[in-house]
Amino acid sequence: DLKWDELRETIRSAVHFLDNVIDMNSYPKKKIEEQTKNTRKFGLGMMGFADTLCTLGIKYDSEEGLEFADKLMSFVKEETYGMSSELAQTRGLCPAWEDSDHQRANRKMRNITCLSLAPTGTISLLADVSAGCEPLFAISYLRNVLGDTELIHLNKTFERVAKERGFYSPELIHKIARAGSIQMFKEIPKDIRDVFITAQDISPEWHIKMQATLQKHVDNSISKTINFPRTAAIKEVENAYLLAWKSKCKGITIYRDGSYEDQVINIGEGY
């Protein structure tokens, strides 16, 4: 299970830090500074979510995955709001608190909004964890950087498990790199294939279910992409947008593989 006490302390430190940033910032215009300090909004988020699920042996597109996401994000929201409320007691309410939903809920807050799930594309690479709340893009994939430099990435959690379970081999990794997904490799135990699910393996409906579950506890928007294959039809995209709207997601992103000639991440081709 997660180290909930350590997560609590991390959240509290992050909220304190982000509130400080609002005062320490240099603003390009006075009106921007005034509006920022009026609401004192920030967007605390997460990354490494898919890696966490894999480590815990939880399938991303499953009821257990949704339950864990609900528990995790509910905890993050509770602790974030709690810390903002403590800061309101010592530093004062933000001016926009008057007539806000927080005031109507009798919840004293230093910050009007506190949570947002960003894509964390670059910083997740630096931290060597999965991006934002996304599933694994691929177990192994090709990434284009600086325009024409290609790097091959292998998920470190999968590599560790493969070695521990005794099915790791350079030949297998080479084949996975060509495919991206591991679902067709029968030499990999089924329980591993079930857990190490990739974005392309997950249906649009389950992408949206996960986003909607997280959105319940996030007061700003969520960066979450539905990865469609090259064969996706317009109707499938339309259905995804409508389902996201009905599920009360604040926004949604879809990406159809191959729709951009020089896309940043590729699976299959080029290996």
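User: Which residues form a nonpolar patch on the surface, and with how much accessible area together?

Analyst: The model is predicted. M47, I123 and L126 make up a nonpolar patch on the surface, and together they have about 310 Å² of accessible area.

User: Where does L126 lie, and is L126 buried or exposed?

Analyst: L126 belongs to helix 6, residues 121-127. The general idea is that a residue over 50% relative accessible area is exposed, and one under 20% is buried. L126 has 72% relative accessibility, so it counts as exposed.

User: What does S130 touch, and is S130 buried or exposed?

Analyst: S130 is in the loop between helix 6 and strand 1. Its relative accessible area is 7%, so S130 is buried. Leaving out residues up to four places away in sequence, S130 touches M47, G48, F49, A50, D51, S124 and L136. M47 in that list is also a member of the surface patch.

User: How is a helix checked for its span, taking helix 10 as the case?

Analyst: The idea is to set the expected span against the distance between the end C-alpha atoms. Helix 10 covers residues 204-215, and its twelve residues should span 16 Å at 1.5 Å a residue. The end C-alpha atoms are 16 Å apart, which agrees.

User: How many residues of helix 10 are buried, and what do they pack against?

Analyst: Nine of the twelve are buried, so helix 10 is largely enclosed by the rest of the structure. The buried residues are W206, H207, I208, M210, Q211, A212, T213, L214 and Q215. They pack against helix 3 (49-56), helix 4 (63-91), strand 3 (225-228) and helix 11 (234-246).

User: Which residues touch the most other members of the largest nonpolar core?

Analyst: A nonpolar core is read as a set of buried nonpolar residues joined through side-chain atoms. The largest one here has 39 residues, and M46, F49, M73, L117 and L214 touch the most other members. Helix 1, helix 3, helix 4 and helix 10 each supply at least two residues of this core. Helix 4 gives the largest share, ten residues. Apart from this core lies another, of 17 residues, among them I139, F158, I192 and F196.

User: What is M46 in contact with, leaving aside its neighbours within four places in sequence?

Analyst: M46 is in contact with L72, M73, L117, T120, G132, C133 and L214. Among these, M73, L117 and L214 are also listed with M46 as core members that touch the most others.

User: How far apart are H16 and L87, in sequence and in space?

Analyst: Sequence separation and spatial separation are read as two values. H16 and L87 are 71 residues apart in sequence, and their C-alpha atoms are 7.9 Å apart in space. H16 is in helix 1, residues 4-24, and is partly exposed with a relative accessible area of 32%. Not counting residues up to four places away, H16 touches M83, L87 and R91.

User: How many salt bridges does the structure hold, and which residues are linked in a network?

Analyst: The structure holds 20 salt bridges. D19, D23, R40, R91 and R110 are linked in a network of them. R91 is also one of the residues that H16 touches.

User: Which parts does the salt bridge of E134 with K224 tie together?

Analyst: The closest N and O atoms of E134 and K224 are 3.1 Å apart. E134 is in the loop between helix 6 and strand 1 (140-145) and K224 in the loop between helix 10 and strand 3, so the pair ties together parts that are 90 residues apart in sequence. E134 is buried at 12% relative accessible area, and K224 is buried at 1%.

User: Why are E164 and R160 separated by about one helical turn?

Analyst: An α-helix has 3.6 residues a turn, so residues three or four places apart point the same way. E164 and R160 are four residues apart in helix 7 (residues 156-165), which means a separation of about one helical turn. They form a salt bridge, with the closest N and O atoms 3.4 Å apart. E164 is exposed at 57% relative accessible area, whereas R160 is partly exposed at 37%.

User: Where do K175 and E187 lie, and how close are their N and O atoms?

Analyst: The closest N and O atoms of this salt bridge are 3.0 Å apart. K175 is in helix 8 (residues 170-179) and E187 in the loop between helix 8 and helix 9 (190-195), twelve residues apart. K175 is partly exposed at 39% relative accessibility, and E187 is partly exposed at 41%.

Notes. Residues numbered from 1 in each chain as written. Predicted model: local features only at pLDDT ≥ 70, side-chain atom pairs only at ≥ 80, totals over all residues. Heavy atoms only, no water. Patch = residues over 30% accessible without salt bridge, like charges linked within 9 Å, V, L, I, M, F, W, Y side chains within 5 Å. Areas by Shrake-Rupley, 256 points an atom, 1.4 Å probe, with all protein chains shown as cover. Salt bridge = Lys/Arg side-chain N within 4 Å of Asp/Glu carboxyl O. Buried < 20%, exposed > 50% of the residue type's maximum accessible area, 1.4 Å probe, protein only. Expected span 1.5 Å × (residues − 1). Contact = heavy atoms within 4.5 Å. Core = buried A, V, L, I, M, F, W, Y, C linked by side-chain atoms within 4.5 Å.
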